Amino acid sequence: MPAIVEALRGVLPADVLVTDTDVIASYAHDEAEWAPFGTPAAVVRPTTSEQVQQVVLACLEHDVAVVPRGAGTGLSGGANALDGCVVVSLEKMNRIVEINATERLAVVQPGVVNDHLRAAAGEQGLWYPPDPASAPWSTIGGNCATNAGGLCCVKYGVTRDYVLALEVVTGTGELVRVGRRTAKGVVGYDLVGLMVGSEGTLGIITEITVKLRAARAPETTVVGFFPDVVSAGNAVQGVADAGIAPSALELVDQVCLKAVDDWKNMGLLDMCSEHLDGKSEGRGGAAVLLGRIDDPGAVGEQEATRMVDVFTSAGASFAARSTSEEEAETFFAARRLAYPALERLGDTLTEDVCVPKAEVPGMLSRIEEIAAKHDTVIANIAHAGDGNLHPLLITEPGDDAARERAQAAFAEIIDAALAVGGTVTGEHGVGLLKMPGLEQEQTGVVIDMQRAIKRALDPKGIFNPGKVFSA
């Protein structure tokens, strides 16, 4: 039995420490395809901040790596285990500590599921905007670790924009609080902003204070059907050029719609066929653009009408405000189901590049060219309104040649995004899969600055080593 396991047995309740090898294996990796992972010495499922602190102190004493983990829905390998490490799964720290309607904030433990917080806030007429497609399953702690985005972020921003304060176990085993509960505060460095998006490399987050907004009026949905993804991309640029501020602007291509339809039998392809009249061009076939406007009253009505006009001018075969909330929700549900639906087709490697909005049409065209060049099926979903594209590369399980082609296409998509002033990850994080891309995107001096921060806050290097930056 490893010494670290014996040490943890001495400081943790028996039901918190997991040593069963079959259970441990289920915590060894996240959802990132082909990202390497090892076998942990143990998994810990703490219920208090003090237990997390005890784990870190024991790992410091025994020079053992610590890999924090939320729900394991990540797509970059950031939660993947190392051989002999201790995985700290925060799933049982799932209490909503406080919702304060006066101050418009919530205090939650890291294991709270995103949608559960949104529902609890909604009961008090409040709203938590960050909404990754994994919101029904992903946790606030994991969202903080990767600075997750989502459908509403085109207008309302990402997780970092909503985190006011954190409780954190540091690389020296201290339990500290950073940030504030007030609406304003500029004391010292922004340690909260630094921790959010650090992917478990600087500390373990044990409590999160987030700001909330007032609940919104019902949104108006605009649906556009396009013969190909590039014309849908032209509509995205057109919306930006027109100064329209959508509360969501999502792209879903025909490959994704068919995968969801085959799985859930939602009638999506019938709707597409009806509106496209058989027109479909490009490798990925047709595409649907889903826009939403949440401005109230006459302003919202006017903006929705303008969006319809933009869609039509960009080449939509059909564009209209949805008269059926059920139909609108069906398409947005399909957007959220796209990734698990595509996983049913084979191994799915997910991209997360983000490009300037004016570059969206050209980038979508380039992705189609890369798919053809490498003979790889690439489906497209996107938070199109803010340029965050998620090409999904699909291969047959066990087909090594197809895997190599997909990995080459993956790298080429990154190159293409950087060439037009984009970034290698908009919301999934660097983890393991995007480490080469980070080194392409940032200069050596900037990377060294971040490594210096890592050394200062994690002097023994135990927090998620080998992630984000190479050693």
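Analyst: Start with the whole. This is a predicted model. The protein chain has 16 helices and 19 strands. Its radius of gyration is 22 Å, close to the 23 Å that the globule rule gives for 471 residues, so the chain is as compact as a globular protein of that length. Along the principal axes, the C-alpha trace spans about 70 × 55 × 45 Å.

Buried residues make up 56% of the 471 residues. The protein chain exposes about 18,900 Å², and carbon and sulfur atoms supply 51% of that area. Contacts also reach along the sequence. Take the contacts between residues at least 6 apart: 75% of them join residues at least 24 apart. As for charge, there are 37 positive and 63 negative side chains. The centres of the two sets lie 5 Å apart.

Now zoom in on the acidic residue, Glu 167. Glu 167 lies in strand 8, which covers residues 163–169. Is Glu 167 buried or exposed? Its relative accessible area is 9%. The cut-off for buried is under 20%, so Glu 167 counts as buried.

Which side chains make polar contacts with Glu 167? Ser 49 is one of them, at 2.4 Å. Arg 177 is another, at 3.2 Å. Thr 206 also makes such a contact with the side chain of Glu 167, at 2.7 Å.

Leave aside residues within four places in sequence. Glu 167 is then in contact with Ser 49, Leu 175, Val 176, Arg 177, Ile 204, Ile 205, Thr 206 and Glu 207.

Move on to Thr 206. Its place is in strand 10, residues 204–211. Thr 206 has 1% relative accessibility, so it counts as buried. The side chain of Thr 206 makes a polar contact of 3.4 Å with the side chain of Ser 49. Ser 49 also has its 2.4 Å polar contact with Glu 167.

Beyond four places in sequence, its contacts include Val 52, Met 93, Gln 109, Pro 110, Val 168, Val 169 and Leu 175. Leu 175 is also in contact with Glu 167. Thr 206 and Gly 111 are 95 residues apart along the chain, yet their C-alpha atoms are separated by 8.9 Å.

Finally, some places elsewhere to compare. Helix 9 runs over residues 254–264, and its buried residues include Cys 256, Leu 257, Ala 259, Val 260 and Asp 261. At the start of helix 9, a side-chain oxygen of Asp 253 comes to within 3.1 Å of the backbone nitrogen of Val 255. Asn 265 follows helix 9, and its phi is positive, near 50 degrees.

Asp 375 has a positive phi as well, near 50 degrees, and is not a glycine. Asp 375 lies in the loop between helix 13 (360–373) and strand 18 (377–383). Val 468 sits in the segment after helix 16 (444–457). Its phi is positive too, about 70 degrees, although Val 468 is not a glycine. With a relative accessible area of 8%, Val 468 is buried.

Technical notes:
Residues are numbered from 1 along each chain as its sequence is written. This is a predicted model: local features need pLDDT of at least 70, side-chain atom pairs count only at pLDDT 80 or more; totals for chains, interfaces and linings use all residues. Side-chain values use heavy atoms; hydrogens and water are left out. Helices (H or I, at least four residues) and strands (E, at least two) are DSSP runs, numbered from the N terminus. The radius of gyration is taken over C-alpha atoms; the globule rule is 2.2 Å times the number of residues to the power 0.38. Buried means under 20% relative accessible area, exposed over 50%, partly exposed in between (1.4 Å probe, protein chains only). Contact means heavy atoms within 4.5 Å. Accessible areas come from the Shrake-Rupley method with a 1.4 Å probe; for residues, only the protein chains shown count as cover. Lys and Arg count as positive and Asp and Glu as negative; His and the chain ends are not counted. The place of a charge is taken as NZ of Lys, CZ of Arg, CG of Asp or CD of Glu. A polar contact is a pair of N or O atoms within 3.5 Å; within protein, one must be able to donate a hydrogen and the other to accept it, and residues adjacent in sequence count only if both atoms are side-chain atoms.
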